[in-house]
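Student: Please give me a close look at a single part of this model. Then tie that part to what surrounds it.

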Amino acid sequence: MNSHDPWDDDDPFETLSDLEEIPRKLYSAYTSKPFVTCLMCSRPLIEQDVFQIQKIFRREECILELAVCRECSETMALEYSEESKLAILTFRENSLQLLDDDACDFCAKPRSEFENYTIAAVCRNTSILTPIQFMCNQCEDKLQELLSEKTRDIHGNFIKDHFPGVPTSKDFHPTLV
Ligand SMILES: [Zn+2]
Ligand SMILES: [Zn+2]
C-alpha cells in the first residue's frame, strides 16, 4: 500500500518505468475514448502534467465522469478549508488499502454488497500512474460528512457549473486520489 499523495511532489512518477496504458474502464463513457481535455480549463490533457480521472457509477451506469488536470485540481484544493483537507488526508491514510477490483478500497466490502461507487486514478499522457481506486457510496458518504460546509459548497458549485443536470453534489470528491 502506498498512501503517498501524488499531487504533493514535484514529480513523484519520474522513476516509474513500464507504465500501463489507461484502461478502457477509465475512458469516457460518453465517447468510449480516452478523455481529451481538462473539464475545468479545457486544455488538452496530453500537454498537461498529471491529471485525474473520476467516474461515478449508479449500478452499472456511469452518471458522472471527469478528467481534471493537476493545476486545476490544486487550484480548487486551495479553496478548501484546512479542516477538510486534514479530514480527507486522515480518511485516506486510515482507510485506503487498495484491494483487488471487486471490493471497496476503503472498507473492503465486496462489490456484490453495494450498487453505487466511484473509480479514480491519476494518469499522464496515455499512461495510468496509480492503481484504480474504488470507493463504495457508503465510504463516499462518510468522507462527505467529514468535510466542512465551505468545502461542500465548493463541490456543490463545481457540480452546478460543470454538470447542470446532476441534482446532488455529494458524490463528487475531487481529492479522492
Ligand atoms: Zn485544467
Ligand atoms: Zn467502502
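Tutor: Two residues are in contact if their C-beta atoms, placed from the backbone, lie within 7 Å. Helices (H or I, at least four residues) and strands (E, at least two) are DSSP runs, numbered from the N terminus. The model is predicted: local features need pLDDT of at least 70 and side-chain atom pairs pLDDT 80 or more, while totals for chains, interfaces and linings use all residues. Residues are numbered from 1 along each chain as its sequence is written, with chains lettered from A and ligands numbered from 1 in the order in which they are written.

Let us take helix 3 as the part. Helix 3 covers residues 137-146. Its buried residues (20 or more other C-beta atoms within 10 Å; exposed means 12 or fewer, partly exposed in between) are Cys139, Glu140 and Leu143. They sit on the same side of helix 3, because they cover an arc of only 105° around the axis. That arc is taken over the directions from the helix axis to the C-beta atoms. Turn to the other side of helix 3 and you find Asp141 and Glu145 exposed.

What does the buried side of helix 3 pack against? Its partners are helix 2 (82-95), strand 4 and strand 6. Strand 6 spans 133-136. Strand 4 spans residues 116-124.

Follow that side into the largest nonpolar core, which has 28 residues. A nonpolar core is a set of buried Ala, Val, Leu, Ile, Met, Phe, Trp, Tyr and Cys residues joined through C-beta atoms within 7 Å. Cys38, Phe51, Ile53, Ala67, Val68, Cys123 and Met135 touch the most other members. Helix 3 supplies at least two residues of this core, and so does each of strand 2, strand 3, strand 4 and strand 6. Strand 4 gives the most, with six residues. Nonpolar side chains tend to be buried together in soluble globular proteins.

Now the strands behind that core. Strand 2 holds residues 51-58, and six of its eight residues are buried. Strands count as paired when DSSP finds at least two bridges between them. Strand 2 pairs with strand 4 in the antiparallel sense, over eight bridges. One of the bridge pairs is Ile53 with Ala121 of strand 4. Strand 2 also runs antiparallel to strand 3 (residues 61-69), again with eight bridges. Here Phe51 stands opposite Cys69, and Gln52 has Val68 as its bridge partner. Phe51, Ile53 and Val68 were named above among the core residues that touch the most other members.

The hairpin of strand 2 and strand 3 has two residues between the strands. Arg59 there takes a positive phi near 55°. Two loops also carry positive phi values. Asn125 has phi near 50°, in a residue other than glycine. Asn125 is found in the loop between strand 4 and strand 5 (127-128). It counts as partly exposed, because 15 C-beta neighbours lie inside 10 Å. Ser42 has phi near 65° and is likewise a residue other than glycine. Ser42 has its place in the loop between strand 1 (20-21) and strand 2. With 10 C-beta neighbours inside 10 Å, Ser42 counts as exposed.

Now continue to helix 4, residues 149-162. Its 14 residues should span 20 Å at 1.5 Å a residue, and the end C-alpha atoms are 20 Å apart, which agrees. The expected span is 1.5 Å times one less than the number of residues. Thr151, Ile154, His155 and Ile159 are the buried residues of helix 4. They cover an arc of only 130° around the axis, so they lie on the same side of helix 4. On the other side, Glu149, Lys150, Asn157, Lys160 and Asp161 are exposed. Helix 1 (70-78) and helix 2 are among what covers the buried residues of helix 4. Helix 2 also packs against the buried residues of helix 3.

Val166 lies in the segment after helix 4. Leaving aside neighbours within four places in sequence, Val166 is in contact with Leu64 and Ile159. Val166 and Leu64 are 102 residues apart in sequence, yet 8.1 Å apart in space, C-alpha to C-alpha. Val166 is partly exposed, with 14 other C-beta atoms within 10 Å.

Last, the whole chain. The protein chain has four helices and six strands, in the order β-β-β-α-α-β-β-β-α-α from the N terminus on. Buried residues make up 29% of its 177 residues. Of the contacts with a separation of 6 or more, 63% join residues 24 or more positions apart.
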